[in-house]
Amino acid sequence: MTTETNYREKARALFLVFVMVVSVFGGTVAFAGSASAAASSITAQSATDVEAGANSTVQTVEFNTTVDSGTTGNVTINTSDVRNAGVVVVDASELSNSSNTTDGQVNSVGLDGSNNVVVEVEDTNASGDSAPAEISVTVQITHDTSGAPAEATGLTYDLTNDDNSALSTVSFDLTDLVATGADAEDVIRDETQTNITGITVDQSGLASDAQSSDVKAYVNVTTLADNGVDLSSLSASSPTADADVTKVGSNSGVTIVEVTLSNANAGGTTTFDLNINSYDASQADATTGLTYDLAASTGTSSNSNYDNSNGNAPGASNTQSTQFAITDEAKTGDKTTSDDSSSPTLVFQGQTVLANDFKADSSVELRRSTDSGSEFIRELTTDGNGEVVVDTESLETGDYFVEGDSNKEYFEVAIQTTSVTAADASVANRGDGATTTFDVTSNRGSNFAYHVSAENLTAAELEEIFADEGATAVDTTGDDTNDSVLITGVSDGDSLAANFTGVDAGDYTLTFDVTDTTAEDTADVSVTALGEGEAAFADDTTVEQRGDVAEITIELTEAAAGGDGTLIIGDADEIGYQANVSFTDSDDDGQVTLEFSSYEAGEDTELVVTSTDDTVKSVEESGSVTDLLDAGDYDLRVSTGDAATTADNPQDLSVLVLEERSTNSVDLWTASTNTVDDLSNIDDVTAAVEDNSLTEADTVAKGDAIVHEFSASGLEGVLAAQDQDTTTAAFKAALDDGNVTVTLNQTEDSTKANRDPKSTAVAAEDVDAVFQSGDTYYVVTKTGAFENVDFVGEEVYNVSIAVTDDKLLDGDDAADQTVVDQFEVAERSASFDTTPVEAEASSESTITGSTTVAPGTELTVRVQSTDDTEPRFVKSQTVTVQADGTFTATFDFSAQSAGDTFEASIRNGVPTTTADGEIVEVTETETATATATETATETETETETATETTTTTTTEATEETTEAPETTTEGETPGFGAILALVAMLAAALLATRRDE
């Protein structure tokens, strides 16, 4: 048995080993067999264009591939086409793992020995199924294109799998930046500057990822040195914004100017101008047909081929050029013709236009375009450079061209219009009124110049008048005498500043002649003589209280308006205090208002004298003031001169009277919180008093607002010292600093037994707003907003406001500067005037009531039918509490009948109050009125079992008679009907009988 078992176990083990070996071998065969065809399909999606002329530029290639389940394989991007074009493939990588999917991934991206890109892909079978993985792959390939041509189109990549059973192709282009479009001025041998205008860098041909707002442009100016121009001191600059010359230098015989464009149009064109400076062309040869080479690169590439380190041009095969000449004399043309007939150069009549690209010293024709072709104007002769200048002063408007040697150069002649108008027909010859502007309009947009002249003004005087415009005196007649001024850089819509200070009074006609066209205009201005002016006080006397801020108004006349002056307050020798105040009428209105703080006087601070609309230049104090400025008379002196002049020769005198200050009273007013929330200034407070929404009161409902009307002089200075923007903020700051205190103290009589009276100091956060009118301050608080006290009905409080600032007390006890008023707290309640409520069955039926809440509070009165009332109704009306605490609601009950019942309620703003109500008949009233001079009253009353009342009233005054309605009432025993009365009498009789028994 044991031997047999051993055999069986050995056989079983051998079998298991066989199975494992076969499994491993079979798996190996399966893996090896599937590796060559792992990427069973490839679909190329896109390849971005490659930038030429760059040491390092990145290209993006995208493709999709299908990878068989559980296999790994390669996709090869054959780069031979781009390498054959001179591009060096440097590196390749996957773009941020963006290719991985749930069931597949890219394991690696690299280059093989031939610099083809190899991408290893794998089906990870994460889903556990046998389906192949679909992978979208994004690869970035880095190239060196510095040795490649500037452009090459139709380049391709072939994408294949391991056994070449799958193939896909994607195409792209080799592109580069283009720097072109420049217009180079000739180099004049006796000058040291020339310009290249309109250099244009075009990025539209670049791949989007190669486009950039950071671009470098390069200008090769070696041709200057090659033709005898000394470049040893060469410099360059650009007048174009965001174009900066960042390098100028020579290396290996090549001289380069590098310009950095820091705000280039990525994907479009960017144009700039370049000034070539500080060369010496005096020994150069006169030569034509010279060129500057132009190139560019973006900041996204590391192009160093044009950085002066090796003297090679960047992307040399894509270098553009612009022509110029070295000459003894520059051709002077205001404009240069165009070689495009559809876009001729615009020339204004009177300008000159330069036509070029003709044979030297040859005859050419000036012709005017017509509807049928063209007409001959005149024959012209070119110079040694093949150029000719055309004067357009005698040409009519229209299209022209210069023709010769199979070349045509086009231009259009138009007439410039210009209008110049003086903004002020009359100006003074002193002060602010001496300045004006001459407003320009023209159909020529910008960059033209005027010669300005006037018959009775010299060039020197005009130079002074237009000094702010940089005017320079010129001789326009050739007699060696300056007769005009030149103003350059004028544009349509400009306002030319002029100052006629010192010009003799009179009428002047100024001629504005455009320097290079036939346009001109005149403008008239009248100059009037103006006196020097002086300073004067608006008031003979200014009265304030100690501690207050005194407003001192100074008026400046004639030329003094808008100027400077000096105010002297007091006299250090006479009264022990003096302030020398230097000021400027900065708003040019001829009036200066200075605020002098008697509280800050002697403190040497910026708050001693201030001004809202004008400028206080300086304040110099002297004297022996160490405390609050004393009461007394302080002399005021003023002039347009300095302090010394004002002290000795004032132009006007006044006096500031400082009186003793006082704390006068506090009165309490009440209003709804909605009313005080709508207050924004003292005018609103006055309006609220006038419309009775703010009323003086000794009872305040809980939740309403209290307005403390506090009267005290001398507080303006301490409030101004808080340096706040509003009275509210300044008063709150004074509360925080202890300059003023407000306290609420419950009276002993209103305090419940065994309780302490409530007391609180009003803090800044308890104050809602403060409004000032002179020496009166309205301090707004809300009873529901106090943090430290909870008001209860029937409590009585004393409100105390005290001035506690040490400087203002000036040795007094704070108790002497305290004022008190009192108010009682009422619970919020409301009631109807009658219970039950009676309302007449009319269209304007009124229901009245009264309340404890403040006037101006809005309440809601609601009525709703009850019992069997028909028709049913629910009505509401918002009512406003009047000054006497009453309210009236009006309803339309014309559809109701007497006896209908309802429930009336008062809500919103007070605890809800309800009452029963009934509709009653409308009371009829007859009134007869006649004019009379005597008064008689007659009343008759007759009473029977049924009551009948007749009332007649006759009034005779100024023959006016009033007859009251006659009313007859037949009634029953109050509270009982006739039958009930009889039953009651019988019951009483029976009761009496029982008692007798």
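Reader: Let's start with the second largest pocket: how many nonpolar, polar and charged residues does its lining have?
Author: A pocket, on a 1 Å grid over the protein atoms alone, is an open set of points with protein on both sides within 12 Å along at least five of seven lines, whereas a cavity is a set where a 1.4 Å probe fits but cannot get out; lining residues have an atom within 4 Å of a point. Ala, Val, Leu, Ile, Met, Phe, Trp, Tyr, Cys and Pro count as nonpolar, Asp, Glu, Lys and Arg as charged, and the others, Gly among them, as polar. On that scheme, the lining of the second largest pocket has 8 nonpolar, 8 polar and 7 charged residues.

Reader: Good to know. What sort of model is this, and what are the ground rules?
Author: Residues are numbered from 1 along each chain as its sequence is written, and side-chain values use heavy atoms, with hydrogens and water left out. Local features need pLDDT of at least 70, side-chain atom pairs count only at pLDDT 80 or more, and totals for chains, interfaces and linings use all residues, for this is a predicted model.

Reader: Thanks! Which element gives the largest share of the lining of that second largest pocket?
Author: Of its 23 lining residues, V549, E595, E716, L719 and A720 are the closest to the centre. Strand 41 (549-556), strand 44 (591-597), helix 9 (716-720) and helix 10 (727-737) each supply at least two lining residues; helices (H or I, at least four residues) and strands (E, at least two) are DSSP runs, numbered from the N terminus. The largest share, 4 residues, comes from helix 9.

Reader: Helix 10 was on that list. Which elements do its buried residues pack against?
Author: Buried means under 20% relative accessible area, exposed over 50%, and partly exposed in between (1.4 Å probe, protein chains only). In helix 10 the buried residues are T728, A730, F731, A733, A734 and L735. Just after helix 10, G738 takes a positive phi of about 80 degrees. The buried residues of the helix pack against helix 9, strand 53 (740-746), strand 55 (767-773) and strand 56 (776-782).

Reader: And the largest pocket: which strand gives the most to its lining?
Author: This pocket holds about 950 Å³ of space, and of its 30 lining residues D183, A184, D186, N356 and E387 are the closest to the centre. Two or more residues come from each of strand 12 (183-184), strand 14, strand 20 (287-298) and strand 21 (320-327). By class, the lining divides into 8 nonpolar, 13 polar and 9 charged residues. The most, 4 residues, comes from strand 21.

Reader: Strand 14 pairs with strand 19. Which residue is the bridge partner of Q193 there?
Author: Two strands pair if DSSP finds at least two bridges between them. Strand 14 (residues 193-202) and strand 19 (residues 269-277) run antiparallel over 8 bridges. Strand 16 (residues 235-237) is also antiparallel to strand 19, with 3 bridges, and there S237 has N275 as its partner. For Q193, the partner in strand 19 is N277.

Reader: Where does P871, joined to E870 by a cis peptide bond, lie?
Author: The bond between E870 and P871 has an omega of about -10 degrees. Another cis bond runs from T835 to P836, with omega near 0 degrees; P836 lies in the loop between strand 59 (830-832) and strand 60 (837-840). P871 is in the loop between strand 62 (858-865) and strand 63 (874-880).

Reader: Last one: is D588 buried or partly exposed, and at what relative accessible area?
Author: D588 is not a glycine, yet has a positive phi of about 60 degrees. Its place is the loop between strand 43 (577-584) and strand 44. D588 is partly exposed, with a relative accessible area of 38%.

Conventions: Points joined across faces, edges and corners; volume = space filled by probe spheres on them. Contact = heavy atoms within 4.5 Å.
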